[in-house]
Amino acid sequence: MPIKGNQFKSNTLRDDSKPDRSSSKGEKEKPAKQKQERMQKFSLSDGRPPKIAGLFFLVMSVFFLIAFTSYLFTWQDDQSYVSPANGGWHNLFKTQQELLDNGVKNPVVDNWLGKFGALLSNQFIFEWFGIASFLFVFVFFIAGYRLLFKVRLYPLSKTLGYSFFLIVFTSIALGFFHAFISDVPHFLEGNFGFWTNRLMDAQIGQAGTAGILIFAALTVLIIAYNIDFKIPRKPKTLNEDVVDHVVPEPVDIEDEYPSRPIEWPKNGNRVKDEKIKGEPLIQNSVFHEPMVLTPDPAAKHEPEFEDEIPLTIDTARPTSVLNIEKADDDKQNDLLKQFGTYDHKLELASYKYPPLDLLENYGSNKITVNSEELEANKNKIVETLNHYNIEIDKIKATIGPTVTLYEIIPAPGVRISKIKNLEDDIALSLAALGIRIIAPMPGKGTIGIEVPNQNPEMVSMRSILATEKFQNTTMDLPIALGKTISNEVFIADLAKMPHLLVAGATGQGKSVGINAILISLLYKKHPAELKFVLVDPKKVELTLFRKIERHFLAKLPDEADAIITDTKKVVNTLNSLCIEMDQRYDLLKDAQVRNLKEYNQKFINRKISDPEKHRYLPFIVLVIDEFADLMMTAGKEVEMPIARIAQLARAVGIHLVIATQRPSVNIITGTIKANFPSRLAFRVLSKIDSRTILDAGGADQLIGRGDMLLSTGSDLIRLQCAFVDTHEVERVSDYIGNQKGYPTALLLPEYVGEGESSSTKEFNPDDRDPMFEEAARLIVMHQQGSTSLIQRKLKLGYNRAGRIIDQLEAAGIVGPFEGSKARDVLYPDEYSLERHLENLSKPI
């Protein structure tokens, strides 16, 4: 039955239009209801029974271990108590006097777990399986650990199967050997092992028992490890007449038959068309066997050839007859065994991630519920709707850090558009800024009214980064944006966005949002895994990150400052990133993978066939703080490379974060907008700007101070941005910058713009690297001008190896850069190189 605002059904609010009886009754029922809600119902399908079973098995494993261990030391003292002749398990609840009357010599049990421990260990060890019963401890522990912690130490089915076999086999085997010493049962094998041996001895004798034990052991070894039993083969000889002009296919003789010589045909008589004077030949071709051609036995033979002469071929050297090469997989496995997996963090192995203590904890991080404010807002919403004859069935509130969401269910027959048109009237009645109506709520069947809180709670970056959700995330590029209106931590993966467009008016939190994105990545990634290209036309926003240049920044060669402020340099940097993107695609194509993650995984595991041409590829994040200024000064020169990177660079790990305070159509053009499905909007000044950035309204109704809307293409999410202050950013930058870093920032490919000339690099002997000559000799010896070769052989970082390659080019030892191909080596041998190095060392 529809109501007019006097039902406010929610976790937090209720409208009591009848305060007499319903109010008092509700107050009495409320504690009982809350207590009932806190007590969750027990169900066999909610995951708790397996945890209880796991805990039980773990306790049993400890109990069995203590009881069994104690039995090894106290079994003689407790023998009269546990003996079945004196009562056995019936003695468990008898008094000492009753035990003495039954003939128990020592009624006081010495087992560490008392009577039950003595009886249990005697049952398992003496009466049943002997010391093999200790395997029950292992079985219970594995099963309990699996059920309680959901961690598989060993496969449960195999553990049960092998343990059961070992218990039976060990008991019988120990009984077999103990039978040579004693004629009575012992706790080593237990009664099961003793009497089973007696039965088998009577039926098949000791030799038959030993044979069955050996057969059982070998059977289980074959099942478990698939062991092979190989008998050396005798080399075959060729008794038939053969010809030598037919060359066998290449075979991997070294791996399959390491000590076997290859038998070759007799005497080398040559014939044509595979016939010996008209006789047909039969070809016996066996894989991994020498190819043998024998005459048809039905044919008539001509005079015999001379005695056969065996020829042994040295497979270690390639010959013109056999092309014996190792497969690529074998080479990769050899590299993996020799060097292990590639450690991309090795050069900065001592790098420490910034601690959370560098950040401040603003606010209490708890949402305080002001019931009076909630009740007043609810009444005003209901009253405003009643003025326009809009009836509602239910209303509930969800409280966030800065905004409270009131969800209403209108009565049947009420048009949604009617409520949507009352946005300004509700804002007027609540006297609040930033009222936003969501009609309908996606996937809920309700209408949402977002109302700002009178006392908003600040969300600190430290509280977000300290959460388990951020600490345990497996995202490639996690960015902690803040909290939702339901007070949940929101973390997005920049690698899947894959680019982010940020817009907002001046002073609405845009720069803080950029800092939050950068700080999130700095707290999660190693310098070897991530590089930033920072563009700051305003020259003051990103200067705090200058201190991490040698760790996380990338720049053009020969640039003094890694943070780009000049428009011309921005154009060159964007085009340089396009070159880097193309080079990365060439590397991916050569490695036969589709994206950066697969490529790096293959490179780390040394699965790439030609590792000298490849290198570990870090993610590159391009951050532009004020895009509008670039578009005004450079226009198409900036738009085209950005559009190209946005279209293609996702797969090779290059991602864009572009911010602007003027989200107009001449700044955020259709070309750019089409390639940025993820957009982040702080408060803007007009609905037109909101539609430009989000393709929907709402950004003009935000309240500022970090209040923002995130569009992921399908829906809008309202967030409160995590706050990180300038001095916090400075502390994090100082902490990273004071650690050991790379010699320079990551050098991007050189780009020469129109009207510029690529001047020949001058070689300065005084500035050359200490490893310059050694690297030159290495390059000439291998005849391959590769940065990765220097990096791998001389154990240098990529940046230093790249500088040495540049110096070798300037010295005229290697040729210019040619994309993914190795550079040409200009000196054919070490003698000519040494002459050149001597000339370089001579003073001019």
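## Sheet order and edges

Nine strands form an open sheet with mixed pairing, in the order 8-7-16-15-14-9-13-12-10. Strands are DSSP runs (E, at least two residues) and helices are DSSP runs (H or I, at least four), numbered from the N terminus; two strands pair if DSSP finds at least two bridges between them. Strand 8 (489-493) and strand 10 (530-535) are the edges; each has a single partner strand, so one side of each has no neighbour in the sheet. From one strand to the next the twist averages 30°.

The model is predicted: local features need pLDDT of at least 70, side-chain atom pairs count only at pLDDT 80 or more, and totals for chains, interfaces and linings use all residues. Residues are numbered from 1 along each chain as its sequence is written, and side-chain values use heavy atoms, with hydrogens and water left out.

## Pairing

Strand 7 (residues 478-484) pairs with strand 8 in the antiparallel sense over five bridges. Pro478 has Asp493 in strand 8 as its bridge partner.

Leu530 is bridged to Phe619 in strand 12, and Leu622 stands opposite Leu656 in strand 13.

## Burial of strand 12

Six of the six residues of strand 12 are buried (under 20% relative accessible area, 1.4 Å probe, protein chains only; exposed is over 50%, partly exposed in between). In a regular strand, side chains alternate between the two faces of the sheet. Phe619, Val621 and Val623 are buried on one side of strand 12, and Ile620, Leu622 and Ile624 on the other.

Terms used: Axes are lines fitted to C-alpha atoms, for helices over the stretch in contact, and angles run from 0 to 180 degrees between N-to-C directions.
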